[in-house]
Amino acid sequence: MTTFATYVITLLCLLLPTMGYCYDLVSEVKDGEGALVENAVITATPLSGEIKKPEKNLTAEIDQIDKTFVDFVTPIMVGTTLVFPNSDKIRHQVYSFSEAKKFEIPLYPPGQGRATPVTFDKPGVVVLGCNIHDWMKAYVYVVETPFFAKTGKNGKATIKDIPPGQYKIEVWHPYIKKSSATVKQPVNIGKESDMKVDFVIDVKKALTVRRAPGSIGGGVYP
Amino acid sequence: MFLFVNLAAMANARSIISENLIVEYRVFNTIMDNRMRQISESARLLSMDYAFKQSIFSVDNKTLISIIENLRQRINADFITLVSLEYTVMADTIKPDLSGKQFMSRALIEKAEEQGELSSITIREGGYYQIEIIPILAPDPIAWLVIGFLINDTVLKDIKNLILAQISVFELDSGGRLKIVASTLPEGLKKLLFGKVKSANLSVEGNQSIILGQNEYISLISPLEKKGGSNLYVLLQRSMDDVLEPYYRLRTRLAIISLIGLLISFAVSMRISRSVTRPVSTLVDGVRQIEGGNYDLHIGVTQRDELGELSNAFNNMARGLKERDLVSDLLGKVVSPVIAKELLSKKVELGGEEKEVTILFSDVRNFTALSEKYPPTIILNMLNKYLTVMSAIIESHGGVIDKYIGDAIMALFGAPISHPNDVDRALNAALDMNEALEKLNVDFQETGIPPIDIGIGINTDIVVAGNMGSAHRLNYTVIGDGVNLASRLEDLTKKYKKKIILSDSTYKKIKDSYKIEQIAEEYVKGKSKSTIIYALIGRVGKE
Ligand SMILES: [Cu+2]
């Protein structure tokens, strides 16, 4: 019954976006010094615990461009299958030692679909590395809710089409310090005053292998 | 002068040491840092190894420890601990049973998490270690490697080889108690640091002077860690003596040179005393000995100066005296000591003078037949007795034995010393010889020796008399026809069966009265004229 209701609401949200039946949550993330924080992931989890299973297989991709993972942070819902296209002219070898998903894709050539896709079936943080390029690093943030968004350069993220209700809003960042306040609840989606949830988090310096100077392109993240 | 140089050298040394110590402290830090950096750099490289990262999560604990141990050996660290993100020990190369236990210092790892990595100093099992904490990135940290390097004497000694200063690392606890972690100082000096290094020393800016034993050490104390995580300090010291060593060497050299100078002047004065004083005293001693009648000495002064010449002269003199003594002794054996003395009183020279000399020749008749009949010892014994007696008689009359020719005696009267009655002396000697022979024959008969008979020839003539031969071997003798005639006359005694035969020239010079018979007028060999010969029978009034 409840599953059906959620389904209906979602359907309504899809059909009637302008009708105001579903809501967009906007978050802005800053650090302690007031600087806008990019690559923070905002999640909204219904306090009811009722989460709709996706009707089809979710997929996402992390490309490799100029020996850099793109994107640096990829939030996905549990069960999502990640593909790893290779836009470089050289091979890469992607691995993870993270508890949430340990895997290794042996050196694979440039192109689409040359690497075996990986399905992430446990929530958590998965750090991706490349065996042959020490500085290459990416984070896959596996969440249990379908409602999530990632902040851009402006430090803002918008979670679209959240059905009204009581939610727990959380923030996560690869370099977030434990001291940060990361949870806000309850947030009443649908209530005008609750539709903007901002976070101030402490971000530590990244322990990252520096890409050798002179290399073209990025790869060095905050 | 020495004092002045000394003070200047000391002041100079102090400023040199001060400058050096500051540089050396920098070098020390650089070496310590580099040591850490180089080793942890290799550790970092190894930690990036994919297989290594993989193994951290996939092997059993024993294997993991051996992997870490292998890593430790590769980079030559003293220990490595692998620490999890939850601050528990995953593997330790010193104590395998630490696995699963809390790491000794969570704070250190937390600090490393904050900074990405960490250099520090820590104590474990009583040892002081420089440690480096580096993450194992995959690509975020999945664990921490704690790499330790023991701070011990050997490490400091290695550094000392580069910076020359003595290095000590010490800890000063809150109670001001000193603990020496490691030092390059010899054991004896190390002990002396206690009581010399106190909290007050830490606040001294720049150099300070610490006296250890006899030596002054210019010292510099600085924290071992620039960030000051521990209360370990490094003490750099240079002994004044080390720096002053070249100066001391110079001073020693000066002292040696002065000493050599002293020795040389001493040697010179010794030489002078040896070449003047000693020869003089030797000469004085020699003179005293000669005074005492000891001519048998030789002064060993060989130098080539006036003293050397004097010594030579002295030696010659001593030799001359000795020779004279010897000659007089020898002369005494063959001539009467009176004559020997008279001979010696004159200058002995080669060559001779013409002199009228009466020559007496005596011979044992048929001596050859006798010597064939009797053994040589008896003959020799007889001859010695005979010659001794006859020589004594000749000498008693002032004659000189010129030579013995076997059993024959040649004697001179009038040479080398003339007497107015040389002829009479000769005649009396001849008569006495005959008388003595009679007594000798009685003795001979008693000892089984056959009686002998002698003949005597006497001739007076002018001959050349003198020392003949070489300078070393002189022989006083006479040369001339007169000698041959005397020998001839002696020969004639057999023919005329007379005991004593005189020549005419002898006969004419007789002053006393004798019983004499004219025998004949003889032609003597080598003589153109004949000469009248006489036989001497005896003295007048004695028959
Ligand atoms: Cu790569």
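This is a predicted model: local features need pLDDT of at least 70, side-chain atom pairs count only at pLDDT 80 or more; totals for chains, interfaces and linings use all residues.
The side chain of Arg365(B) makes a polar contact with the side chain of Thr493(B), at 3.0 Å. Arg365(B) is found in the loop that runs between strand E11 (351-364) and helix H11 (367-373) of chain B. Is Arg365(B) buried or exposed? Its relative accessible area is 12%, and because buried means under 20%, Arg365(B) counts as buried. A polar atom of its side chain also lies 2.6 Å from the backbone oxygen of Lys498(B). When neighbours within four places in sequence are left aside, the residues in contact with Arg365(B) are Asp453(B), Ile454(B), Gly455(B), Thr493(B), Lys494(B), Lys498(B) and Lys499(B).

Asp407(B) has its place between strand E12 (400-405) and strand E13 (408-413) of chain B, and it is buried, with a relative accessible area of 10%. The side chain of Asp407(B) has a polar atom that lies 2.9 Å from the backbone nitrogen of Val364(B). Not counting residues up to four places away in sequence, Asp407(B) touches Ser362(B), Asp363(B), Val364(B), Phe367(B), Leu383(B), Tyr386(B) and Leu387(B). Of these, Leu387(B) is 20 residues from Asp407(B) in sequence, and the two are 7.8 Å apart in space, C-alpha to C-alpha.

The table gathers the atom pairs named in this report.

| Residue | Partner | Distance |
|---|---|---|
| Arg365(B), side chain | Thr493(B), side chain | 3.0 Å |
| Lys137(A), N atom | Asp140(B), O atom | 2.5 Å |

The last row leads to the interface of the two chains. The contact takes 15 residues from chain B and 15 residues from chain A. About 1400 Å² is buried between them, and carbon and sulfur atoms give 63% of that area. Which residues of chain B lose the most area to chain A? They are Tyr50(B), Pro139(B) and Asp140(B), which together make up 46% of what the side of chain B buries. Asp140(B) also forms a salt bridge with Lys137(A), with the closest N and O atoms 2.5 Å apart, and one salt bridge is found across this interface. Four residue pairs in polar contact, with both residues at pLDDT 80 or more, are found there as well. On the side of chain B that touches chain A, helix H2 (50-58), helix H4 (106-115) and strand E5 (141-150) each supply at least two residues, and the largest share, four residues, comes from H2(B). By class, this side of chain B has nine nonpolar, three polar and three charged residues.

Chain A itself has one helix and 17 strands, and buried residues make up 44% of its 222 residues. Among the contacts in chain A with a separation of 6 or more, 62% are between residues 24 or more positions apart.

The average pLDDT of the chain is 83, and 83% of the residues score at least 70. Among the elements of chain A, helix H1 (residues 2-15) has the lowest mean pLDDT, 53, whereas strand E6 (residues 73-77) has the highest, 95. Over residues 215-222 of chain A the pLDDT stays under 50, and for this stretch the model has 17 contacts beyond four places in sequence.

Terms used. Residues are numbered from 1 along each chain as its sequence is written. Chains are lettered from A and ligands numbered from 1 in the order in which they are written. Side-chain values use heavy atoms; hydrogens and water are left out. Contact means heavy atoms within 4.5 Å. Buried area is the accessible area (1.4 Å probe) that two parts lose on being put together, summed over both. A salt bridge is a side-chain nitrogen of Lys or Arg within 4 Å of a carboxyl oxygen of Asp or Glu. A polar contact is a pair of N or O atoms within 3.5 Å; within protein, one must be able to donate a hydrogen and the other to accept it, and residues adjacent in sequence count only if both atoms are side-chain atoms. Ala, Val, Leu, Ile, Met, Phe, Trp, Tyr, Cys and Pro count as nonpolar, Asp, Glu, Lys and Arg as charged, and the others, Gly among them, as polar. pLDDT is the predictor's confidence in each residue, from 0 to 100. Buried means under 20% relative accessible area, exposed over 50%, partly exposed in between (1.4 Å probe, protein chains only).
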